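I am keeping these notes as I look things up, one entry for each topic.

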Amino acid sequence: MITGRCLCQAIRYECTGEPILIAHCHCESCRRQTSSPVTTFVLVPRATLRFTQGQPKEFSSSPGVWRSFCADCGSPIYYRTDRRPNDIDLYALTLDDAAAIAPDCHVHAAEQLPWFEVSDDLPRYPEGSRSDPPLRYGPKQNL
Ligand SMILES: [Zn+2]
Ligand SMILES: [Zn+2]
């Protein structure tokens, strides 16, 4: 079972479902919400997520998209979209054991910052869809 919390511990959750996908996202909206060059999501079946303490505050970051955070400490908690109503995307660094997960891919790699790279060999998809051909596997070769 996956368990997690925000930084101040006002919010805690548990998830009985298996991860559907674990993805690094380079999009500008994620960068702005987390103030970080990339963030990582664990997609889980929405019905299997339960908040055991507190509730995140939600806001709409674009039409049909909601992001949430702890109203006390500001930690981002999840992302959800009307395009995938049965999923919820946990910000992976809220997990109690973030070291235990194994990312599958990068998305929105077309927006990746020029000064930032990750040294894995995973596919880099240009946008959010994994049906598009990846831009490349692994880091940019000019590094
Ligand atoms: Zn908090
Ligand atoms: Zn993103």
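Predicted model: local features only at pLDDT ≥ 70, side-chain atom pairs only at ≥ 80, totals over all residues.

**Entry 1: cysteine 73**

I looked up what cysteine 73 touches, leaving aside residues up to four places away in sequence, and I found Cys6, Leu7, Cys8 and Ala10; a contact here means that the C-beta atoms of two residues, placed from the backbone, lie within 7 Å. Residues are numbered from 1 along each chain as its sequence is written, and chains are lettered from A and ligands numbered from 1 in the order in which they are written.

Cysteine 73 and cysteine 6 are separated by 67 residues in sequence, and their C-alpha atoms are 7.5 Å apart in space. I placed cysteine 73 in the loop between strand 7 and strand 8; helices (H or I, at least four residues) and strands (E, at least two) are DSSP runs, numbered from the N terminus.

Is cysteine 73 buried or exposed? Cysteine 73 counts as exposed because 12 other C-beta atoms lie within 10 Å. The cut-offs I use are 20 or more other C-beta atoms within 10 Å of the residue's own for buried, 12 or fewer for exposed, and partly exposed in between, with C-beta atoms placed from the backbone.

**Entry 2: the strands around that loop**

I followed strand 7 to its partners, where two strands pair if DSSP finds at least two bridges between them. Strand 7 (residues 65-69) runs antiparallel to strand 6 (residues 57-62), and 5 bridges join them. In this pairing serine 60 has tryptophan 66 of strand 7 as its bridge partner, and serine 62 is bridged to valine 65. The two strands form a hairpin with 2 residues between them, and glycine 64 in the turn has a positive phi of about 80°.

On strand 8 (residues 76-81), I found an antiparallel pairing with strand 7 over 4 bridges, in which valine 65 is partnered by threonine 81. This hairpin has 6 residues between its strands, and there glycine 74 takes a positive phi near 85°.

I also asked how many residues of strand 6 are buried.

I then turned to an open sheet of 3 strands, which has the order 1-2-5 and antiparallel pairing. Its edge strands are strand 1 (2-5) and strand 5 (49-53), each of which pairs on one side only. Neighbouring strands of this sheet are turned by 25° against each other on average, direction ignored; the axes are lines fitted to C-alpha atoms, for helices over the stretch in contact, and angles run from 0 to 180 degrees between N-to-C directions.

Strand 2 (residues 12-15) and strand 5 run antiparallel and are joined by 4 bridges. In strand 5, leucine 49 stands opposite cysteine 15.

**Entry 3: two residues with a positive phi**

Glutamine 9 is not a glycine, yet it has a positive phi of about 75°. I found glutamine 9 in the loop between strand 1 and strand 2, and it counts as partly exposed because it has 13 C-beta neighbours inside 10 Å.

Serine 35, also not a glycine, has a positive phi of about 50°. Its place is the loop between helix 1 (28-34) and strand 4 (39-45), and serine 35 counts as exposed because it has 9 C-beta neighbours inside 10 Å.

**Entry 4: the whole chain**

Last, I looked at the protein as a whole, which has 1 helix and 12 strands. From the N terminus on, I read the elements as β-β-β-α-β-β-β-β-β-β-β-β-β. Of its 143 residues, 29% count as buried.

How does its radius of gyration agree with that of a compact globule, and what is the value? For 143 residues a compact globule would have a radius near 15 Å, and the protein has 15 Å, which agrees; the radius is taken over C-alpha atoms, and the globule rule is 2.2 Å times the number of residues to the power 0.38. Along the principal axes, the C-alpha atoms fill a box of roughly 45 × 30 × 25 Å.
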